[in-house]
Number of protein chains: 2
Amino acid sequence: MQTHFTIDCVILTFDEGKLKVLLAERNEYPYKDWWALPGYFVNKYEEMEDAVARILFEMTGLKDIYMDQLAAFAGVKRHPEGRILTVAYMALVQMEEVKNKIASLTSYMRQLKWFSVDELPELAFDHREIIDLSLDRLKKTISFSTTPYELLPNKFTLTQLQQVFEALLNKKLDKRNFRKKINNLGYLKELNEVQKGVSYRAAKLYSFDKKKFQKQFSQD
Amino acid sequence: MQTHFTIDCVILTFDEGKLKVLLAERNEYPYKDWWALPGYFVNKYEEMEDAVARILFEMTGLKDIYMDQLAAFAGVKRHPEGRILTVAYMALVQMEEVKNKIASLTSYMRQLKWFSVDELPELAFDHREIIDLSLDRLKKTISFSTTPYELLPNKFTLTQLQQVFEALLNKKLDKRNFRKKINNLGYLKELNEVQKGVSYRAAKLYSFDKKKFQKQFSQD
DNA sequence: AATATAATGTGTATTTCTTACACTATTAAA
DNA sequence: TTTAATAGTGTAAGAAATACACATTATATT
């Protein structure tokens, strides 16, 4: 038995204090004119991860994006023409980088747009379920992973970092306790720079020390 | 583009103080005579979960087995004849139940055998990688999931439960601290029964209260 | 009946982590 | 100079995690 084989990408970023996902407006049957996750067929001799990278490049103009497989969705009734198996991936990008790049629109999608994850339109196929799964996954792993730092610019304030945690965990955190905990983890580097362009006291900038992070997690 | 579509199952249980996985000896090209995960093609109009249930029934004689999707594996070079996409599932069973059932051998496999996960033979395809992934996944989720109880008989001793944790986490735990913690979770029921057939002091039996467990996790 | 064996079952003190909580400092704009 | 807006900081109380040793009990052996 054979099946059609596609990739769908939940591309997430953090912008304006909110977690956002990139959606495409479909220009093709079925679900024409609906919003959907960016995705497409995998070519015969193409590795799945390469197909993901290809789609991510088309959508964001970026290479070497962080990605993580979520799950396979293979419902017989996903598509009116018969089973189309899709492997869903989650990708995390920095809004700063995306802003300078241009996405290539294709015949099968009319436009791309970032939506806040708590203001999603109705979505094609089972794409809502896929996004929910990715948010669940992030929520569970956030404390032990690099995800917050993939979503933020390379230099960020502690308040921005806290906002990422709050958006993913969907609850408010105490500022002092959050900073204490983050400091104890020991993989933030305090920079000799401050935020610019704000009309109030500027916050110190920090960067993420990936090496120290990995050292801690390689011991388990 | 179309691809062949199969399911592979990592069927795990706990027996003789060890975590064990069920493997099949292949009777077919490629990897003829090698040990492999039980698995097979998904039929055209069959839901993926139904295919998993079908394979699990053939292998163990059991229905309604706990299962969880692990990941899709789709490497172009997995199979010499071209891409065969497989969705790997993890299934957990109680050895007690399996022992009374008969598996149905098929033309493509010669025999089934339980292997301790730390004494695995060389495996066909990327099946070793799949097993490693399932063990990783279990390790990460064990404290917040029903997995230990899916692997054990319905009535079990605290020492057995501790052994499951130790096998999954791959480290020794302190008996008193383990019991204190398990007790605080509050979803174990102490039964008025003790272990039988041992030549030393018999341990009390406990059962898992699934309702209380779910109540706790529905609040997050 | 006495003894040996093998695993069960139990408490406390120490340290670490988590939580709750409110005010001063700094910058830019008006 | 005043106002507005966010940055940045410490402490006390409670909860959870860790380290650690011995008496108890059922069976098997002599």
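**Entry 1**

I looked up the pairing of S1(B) with S6(B) and found nine bridges between the two strands, which run parallel. I take helices (H or I, at least four residues) and strands (E, at least two) as DSSP runs, numbered from the N terminus. Two strands are said to pair if DSSP finds at least two bridges between them. Within S6(B), B:Ala91 is the residue opposite B:Ile11.

I then turned to strand S5 (residues 66-73) of chain B, which pairs with S6(B) in the antiparallel sense over seven bridges. Here B:Met90 of S6(B) stands opposite B:Asp68.

Is S6(B) enclosed or open? Eight of the nine residues of strand S6 (residues 84-92) of chain B are buried, so the strand is largely enclosed by the rest of the structure. For burial I use C-beta atoms placed from the backbone: a residue is buried if 20 or more other C-beta atoms lie within 10 Å of its own, exposed if 12 or fewer, and partly exposed in between.

**Entry 1. Basis of the model**

I note that this is a predicted model, in which local features need pLDDT of at least 70 and side-chain atom pairs count only at pLDDT 80 or more, while totals for chains, interfaces and linings use all residues. Residues are numbered from 1 along each chain as its sequence is written, and chains are lettered from A and ligands numbered from 1 in the order in which they are written.

**Entry 2. Chain A against chain B**

I checked how the two chains are related. Contact is defined by C-beta atoms, placed from the backbone, that lie within 7 Å.

I next recorded the make-up of the contact, to which chain A and chain B give 20 residues each. On the side of chain A that touches chain B, strand S1 (2-15), strand S5 (66-73) and strand S6 (84-92) of chain A each give two or more residues. S1(A) gives the most, with four residues. By class, this side has 12 nonpolar, six polar and two charged residues. In this scheme Ala, Val, Leu, Ile, Met, Phe, Trp, Tyr, Cys and Pro count as nonpolar, Asp, Glu, Lys and Arg as charged, and the others, Gly among them, as polar.

S1(A) also pairs with strand S1 (residues 2-15) of chain B, in the antiparallel sense and over three bridges. Which residue of S1(B) is the bridge partner of A:Gln2? The partner is B:His4.

**Entry 3. Surfaces near the DNA strands**

I listed the residues near each strand, where near means a C-beta atom, placed from the backbone, within 6 Å. DNA strand C is surrounded by 20 residues, and the closest are A:Arg201, B:Thr159, B:Arg176, B:Tyr200 and B:Lys204. H6(A) gives the most to this surface, with five residues. The classes are five nonpolar, four polar and 11 charged.

Around DNA strand D there are 21 residues, of which A:Arg176, A:Tyr200, A:Lys204, B:Ser199 and B:Arg201 come nearest. At least two residues each are supplied by helix H5 (158-169) and helix H6 (175-185) of chain A and by helix H6 (175-185) of chain B. H6(B) gives the most, with five residues. I count five nonpolar, five polar and 11 charged residues on this surface.

**Entry 4. Helix H1(B)**

The buried residues of H1(B) include B:Met48, B:Val52, B:Ile55, B:Leu56 and B:Met59. B:Gly61 follows the helix and has a positive phi, near 75 degrees.

I looked up A:Asn27, in the loop between strand S2 (18-26) and strand S3 (35-36) of chain A. A:Asn27 is partly exposed, with 14 other C-beta atoms within 10 Å. Leaving out residues up to four places away in sequence, A:Asn27 touches A:Lys32, A:Ser107, A:Tyr108, A:Met109 and A:Arg110.

A:Lys113 lies in strand S7 (residues 109-116) of chain A and counts as exposed, with 12 C-beta neighbours inside 10 Å.

Conventions. Two residues are in contact if their C-beta atoms, placed from the backbone, lie within 7 Å.
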